[in-house]
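This report describes how the parts of a structure meet one another. Please look at the sequence and the 3D view before reading on.

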Amino acid sequence: MKMTGAQMICESLVREGVEVIFGILGGAVLPLYDTFPQYPQLRHILVRHEQGAAHAADGYARATGKVGVCMATSGPGATNLVTGIANAHLDSVPVVAITGQVARPFIGKDAFQEVDITGITLPITKHNYLVLDAASLPRIVKEAFYLAKSGRPGPVLIDIPRDVFIDQAEFHYPSKVDLPGYKPTLQGHPAQIKKTAKLINEAQRPLIIAGRGVIISRAFTELKQLVEKAQVPVVTTLLGISCFPESHVLSYGMLGMHGMAYANMAVDAADLVIAIGMRFDDRATAKVSGFAPHANIIHIDIDPAEIGKNVRVDVPIVGDVKAVLQELNKLIISAEHIDWVQQLDDWRKEHPSTVIRDSEGLLPQFVIRKIYEVTQGKAIIVTGVGQNQRGAAQHYWYNKPNSLISSGGLGTMGFELPAAMGVKVGCPNETVWCIAGDGGFQMTIQELATIVQEKIAVKIAILNNGYLGMVRQWQEMFYKKRYVATPLSGPDFVKIADAYGFPGLRVKHKEEVVPAIQKATEEQGPFLIDFAIEPEENVYPMVPPGAALAEVLEEPKKEAEVLSDSAKLPVSNI
Amino acid sequence: MATTKHTIVALVEDKPGVLNRMASLFRRRGFNIESIAVGHSEVPHLSRMTIVVGGATTMVEQVRKHLDKLVDVVKVSDITGDDMIARELALIKVKATSSTRSEIIQIVDIFRANIVDVASDSVTIEVTGDEEKINSLFNLLRGFGIKEITRTGRIAMTRGGSGSLPVQKKSPKARAKGQKTSR
């Protein structure tokens, strides 16, 4: 059947199961948008800036496991996607970005709104395409979705000249892809798995470091089986949070620069580290030469290029986490590591990293803890980057699989609101809380208009300290309190919410926190709470830059007067 | 970390932008590509590429893995340590007068090179061999005055029966093996 290029794209998107597209139109993609009325099953959400489209597609993909789709016109539309594409690339998120391009005869002539977006996105996409004839569109869309979601997921960009949308060609949707250069290894090598099982069965102080790969692979059950059978304690990376229930007796929280002191001590003392679906990011390992000094290291990852990249690895297994763990679990002998687990529990008692001290003022960690309590830990939390992110990672306990969505690799401030929007669109029945700082929130604040227009009921908590707080903390600790360019004014966020047409509250005192969160929960639509928190509150524990994990700084003791708070976790709340 | 010269051969799809994708991975790490040679392979739509690059072995291995991840790269290996045949071709235009021409021809003969163009004030020589041979010829001819030289860069393949990069679909098993040895 003959179709226009634009129809072929819509037809292909429908066949790939796409339900929603985040985007902004413009001259070059106008012919594509013009066909949308013929495809009512494709919901288009008009964002207010293309960065928001990319982050929303990213959030949607992380929450649902499906491919997120964003769309923009040529030139500035395309370049505005770049931050969001890079963000998805670093966190291995399946996103397909479709951009319009100037018509073929104008390419390379600096035409109006022309930019070489395939050139620009070369290092931040898994793959990208410039489509030069309409007939190849079905194959390219098919390949793009396959590449985005298979193997190690990532963003794929398709750049389509304006006249290709209009050209007609025969539509044949291929049933499979033919990519001789792309064959991801899914099954782990049996000999390596055997070697791994032997090491686990013989270890005295084994420790699992679980990352986002567990979530991508949906290997929650397999991981739990391994942990319980071999009685191996678990710590996670930031993006690994919620791959394993955090209130499990063998869960010891997050490791890394702002990880739990006891998690970092566990890495330091372990004799075997089983790294699963993580990539030894520098924020997780701290000083590489001081990382897990007594341990053999097993690294399970789908990407062979991650093996041995940052940290020496004794046994690598390239494969899909779920498939590898299924095989591995067959070879694991039931074991107990009573002394080792006791040791970790003692450390957790001696170094209680999640204690919230009593204070006059409103502490950010107190707010996050209350969100946890009111939502009973059932919400999906989407964070910005900085202190709000670290606080949300530490003081909310994630027992529900895949319930923390955060920008890890790129560390993109401004991710929170558009990503939360995408999460809510993908999971309309879930409660979605966007935990933001006042700095990051102002970077993508324009998407408030989108959530109102599209009736996306995101709950927003702004932890407002009037600073770019994480950087201020570094200035306090390492730059002698010279607060250069970190003090930050902002608008009255409640009035902003009102101006956009939805309700909000400002909270200054501790006793107002719970009622405000409850009010937000009861509200049908979006709701914003502006929490006026202690301006110079720091995030602890902290491993200073350049130090090893074991050299962790904890909250100064004099202030650690403990708040009598309902214990949600066995030991971390002393 | 010691820098060594690496010879990387790759089988790639014959598509626009492939060279850019590959070169970009070296550029990003600050590697200078010494030479790169590309031409059609024995299979339609696939090209074979030889890249020579200096760098620490661990870093080059990291780049090789990233090259392998590129969708348009079918296969890539670092054959530096293998028993290989490596050649390049150079065209050298040398100043030649009636008094020096015969001496130049003698040198050319010794090197089993060819004279491919003669003009009143110059000769152009075509020479094939490894870099050392071309460098020696270049040094001998320098005294006459080199007007221009152009070199193809190295092309290479391993010796023996099996090709260094045979055209065949990689089985997952072969990949897993490769990854084990490549650590």
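## The two domains of chain B

In this predicted model, the C-alpha centres of domain 1 and domain 2 of chain B are 29 Å apart. The domain assignment places domain 1 of chain B at residues 3–82 and domain 2 of chain B at residues 85–155. Seven residues of domain 1 of chain B and five residues of domain 2 of chain B take part in the contact. Together, domain 1 of chain B and domain 2 of chain B bury about 430 Å², and 51% of that area is on carbon and sulfur atoms.

One salt bridge is counted between domain 1 of chain B and domain 2 of chain B. A salt bridge joins the side chains of Glu131(B) and Lys5(B), with an N to O distance of 3.8 Å. The count of residue pairs in polar contact between domain 1 of chain B and domain 2 of chain B is two, both at pLDDT 80 or more. On the side of domain 1 of chain B that touches domain 2 of chain B, two or more residues come from each of strand S1 (3–13), strand S2 (33–40) and strand S3 (46–56) of chain B. S2(B) provides the largest share of that side, three residues. By class, the residues on this side of domain 1 of chain B are three nonpolar, three polar and one charged.

## Where chain A meets chain B

The contact between the chains draws 24 residues from chain A and 21 residues from chain B. About 2200 Å² is buried between chain A and chain B, with 56% of it on carbon and sulfur atoms.

Between chain A and chain B the count is one salt bridge. Lys69(B) and Asp303(A) form a salt bridge in which the closest N and O atoms are 2.5 Å apart. Five residue pairs are in polar contact across the interface of chain A and chain B. Strand S6 (127–130) and strand S14 (315–318) of chain A are the elements that give two or more residues to the side of chain A that touches chain B. That side of chain A has eleven nonpolar, six polar and seven charged residues.

## Domains 1 and 3 of chain A

Chain A is divided into domain 1 (2–170), domain 2 (190–350) and domain 3 (364–539). The C-alpha centres of domain 1 of chain A and domain 3 of chain A lie 30 Å from each other. Here 24 residues of domain 1 of chain A touch 27 residues of domain 3 of chain A. The buried area between domain 1 of chain A and domain 3 of chain A is about 1900 Å², and carbon and sulfur atoms give 62% of it.

The count between domain 1 of chain A and domain 3 of chain A is one salt bridge. Arg43(A) is in a salt bridge with Glu454(A), where the closest N and O atoms are 3.2 Å apart. Ten residue pairs are in polar contact across the interface of domain 1 of chain A and domain 3 of chain A. The side of domain 1 of chain A that touches domain 3 of chain A receives at least two residues from each of strand S2 (20–23), strand S3 (43–46), helix H3 (50–64) and helix H4 (76–90) of chain A. H3(A) gives the most to this side, with ten residues. The residues of this side of domain 1 of chain A divide into ten nonpolar, nine polar and five charged.

## A parallel sheet in chain A

Six strands of chain A form an open sheet with parallel pairing, in the order S16-S15-S17-S18-S20-S19. Strand S16 (404–405) and strand S19 (504–507) of chain A are at the edges and each has a single partner strand, so one side of each is left without a neighbour in the sheet.

Within the sheet, strand S17 (residues 432–437) and strand S18 (residues 459–464) of chain A pair in the parallel sense over five bridges. Ile460(A) in S18(A) is the bridge partner of Cys434(A).

## Salt bridges in the whole structure

Over all chains, a search of the whole structure finds 40 salt bridges. One salt bridge brings together the side chains of Arg152(A) and Glu306(A), at 2.8 Å from N to O. This pair links distant parts of the chain, 154 residues apart. Arg152(A) is in the loop between helix H6 (137–149) and strand S7 (155–161) of chain A, while Glu306(A) is in the loop between strand S13 (296–301) and S14 of chain A.

Key: Residues numbered from 1 in each chain as written. Chains lettered and ligands numbered in written order. Predicted model: local features only at pLDDT ≥ 70, side-chain atom pairs only at ≥ 80, totals over all residues. Heavy atoms only, no water. Domains from an automatic or database assignment. Contact = heavy atoms within 4.5 Å. Buried area = accessible area lost by both parts, 1.4 Å probe. Salt bridge = Lys/Arg side-chain N within 4 Å of Asp/Glu carboxyl O. Polar contact = N/O pair within 3.5 Å; in protein donor to acceptor, adjacent residues only side chain to side chain. Helix = DSSP H or I, 4+ residues; strand = E, 2+ residues; numbered from the N terminus. Nonpolar A, V, L, I, M, F, W, Y, C, P; charged D, E, K, R; others polar. Pairing = 2+ DSSP bridges.
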